[in-house]
Amino acid sequence: MQSTLHMAGKSTLLNSEGWLDMITAEAFDAVIFDCDGTLIDSSDVHIQCMREGTQDQGHEMSADWYATRIGLDRISLFKAFQRTFDRSFDVDRACRTSIAHYDKAVHLARTIGETINLAITLRDRAMPLAVATNAERPVCERLLGAVNIRELFDTVVCISDNVPPKPSPAMFQLAAKRLGHPKGKVLVIEDSLQGVQAAQLSGMPVIELSAPTLQIRKSKSD
């Protein structure tokens, strides 16, 4: 997997095969992973749940519309839908409905091999690890549990912890605090623009994953 390391004001191309050597050479003390698109391919899960939230109110969210807004937290995404399609659209109701649908869709989640293998190797070396995600706690815990990787991480920081979503740096700052290491010695691994911005604003080095072509199974209505 191709990626870019942003560190000390420089950006360097870095293949996934070189991640572990870089982490060792730079003597990082801890690593924070994003969840969706970084550890887990959950695009099919999320689009189904978001669609459920809009269909409940008589609307349809297309895969193409959703794809251009991946990385947004749920409230921001549904507010964008409200502004675009229907000012009377109930954002709070859509959030509740979409979250309630996760149990029916979570079986579609798949791990992303390169980042999971890195996490396993780092855990075997006793390195402190965290997840920081714009998802709500019930959602991220369901996803991590569904693919059997929750035990790899010491802590999970999410929007349910009363912190603003990425691109605010607050999630990464809280995760580093929980891990007990200074920001300069904590590496972030991210796939979204919002997440990379959040890491940079926090003053933490970040590996930005190259975004693959989004493959969302489209319904007949798309």
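Colleague: Okay, let's start with a single residue. Where is A27 found?

Modeller: Keep in mind that we're looking at a predicted model. A27 has a positive phi of about 55 degrees although it is not a glycine. As for its place, A27 sits between α1 and β3, in the loop.

Colleague: Is A27 buried, partly exposed or exposed?

Modeller: The relative accessible area of A27 is 40%. Buried means under 20% and exposed means over 50%, with partly exposed in between. So at 40%, A27 is partly exposed.

Colleague: What about A126: buried or exposed?

Modeller: A126 follows α7 and lies in the loop between α7 and β6. Its phi is positive, about 65 degrees, although A126 is not a glycine. Most residues other than glycine have a negative phi. With a relative accessible area of 59%, and the cut-off being over 50%, A126 is exposed.

Colleague: Let's move to the helix before it. What span does α7 reach from its first C-alpha to its last?

Modeller: Helix α7 covers residues 113-124, which is twelve residues. At 1.5 Å a residue, 16 Å is expected for α7. The model comes close to that, with a reach of 16 Å.

Colleague: Which residues of α7 are buried, and what arc do they cover?

Modeller: The buried residues of α7 are T115, I116, L118, A119 and L122. They are on the same side of α7, because around the axis they cover an arc of only 160 degrees.

Colleague: And what covers those buried residues of α7?

Modeller: Both helix and strand elements turn up here. Among the elements covering the buried residues of α7 is a helix, α1 (19-25).

Colleague: Now a loop residue. Which residues does I149 touch, not counting those up to four places away in sequence?

Modeller: I149 has its place in the loop between α8 (137-146) and β7 (155-158). Its relative accessibility is 3%, so I149 counts as buried. Not counting residues up to four places away in sequence, I149 touches L39, I40, I116 and L144.

Colleague: How do α2 and α4 lie relative to each other: parallel, perpendicular or oblique?

Modeller: Two packed helices are described by the angle between their axes and the distance between the axes. Helix α2 (residues 43-55) and helix α4 (residues 74-85) have axes 12 Å apart, and they pack at an angle of about 45 degrees. That makes α2 oblique to α4.

Colleague: Which residues make that contact between α2 and α4?

Modeller: The crossing where α2 passes α4 is right-handed. On the α2 side, the contact is made by M50, G53 and T54. On the α4 side, it's R74, L77, F78 and F81.

Colleague: What about α2 and α5: how do they lie, and which residues meet?

Modeller: The axes of α2 and helix α5 (residues 91-100) come within 8 Å and cross at roughly 135 degrees. That makes α2 oblique to α5, and their crossing is right-handed. The α2 residues C49, M50, E52 and G53 meet, in α5, A94, T97 and S98.

Colleague: What do the buried residues of α10 pack against?

Modeller: In helix α10 (residues 193-202), the buried residues are Q194, G195, V196, A198, A199 and S202. Just after α10 comes G203, with a positive phi of about 85 degrees. The buried residues of α10 pack against β1 (2-7), α9 (170-179), β8 and β9.

Colleague: Last one: which residues does a cis peptide bond join?

Modeller: Most peptide bonds are trans. Here, one with omega of about 25 degrees is cis. P167, which is part of it, is found in the loop between β7 and α9. The cis peptide bond joins K166 and P167.

Definitions and conventions:
Residues numbered from 1 in each chain as written. Predicted model: local features only at pLDDT ≥ 70, side-chain atom pairs only at ≥ 80, totals over all residues. Heavy atoms only, no water. Helix = DSSP H or I, 4+ residues; strand = E, 2+ residues; numbered from the N terminus. Expected span 1.5 Å × (residues − 1). Buried < 20%, exposed > 50% of the residue type's maximum accessible area, 1.4 Å probe, protein only. Arc of directions from axis to C-beta. Contact = heavy atoms within 4.5 Å. Axes fitted to C-alpha atoms, helices over the stretch in contact; angles between N-to-C directions. Parallel < 35°, antiparallel > 145°, perpendicular 65-115°, else oblique. Left-handed = near helix turned anticlockwise from the far one by under 90°.
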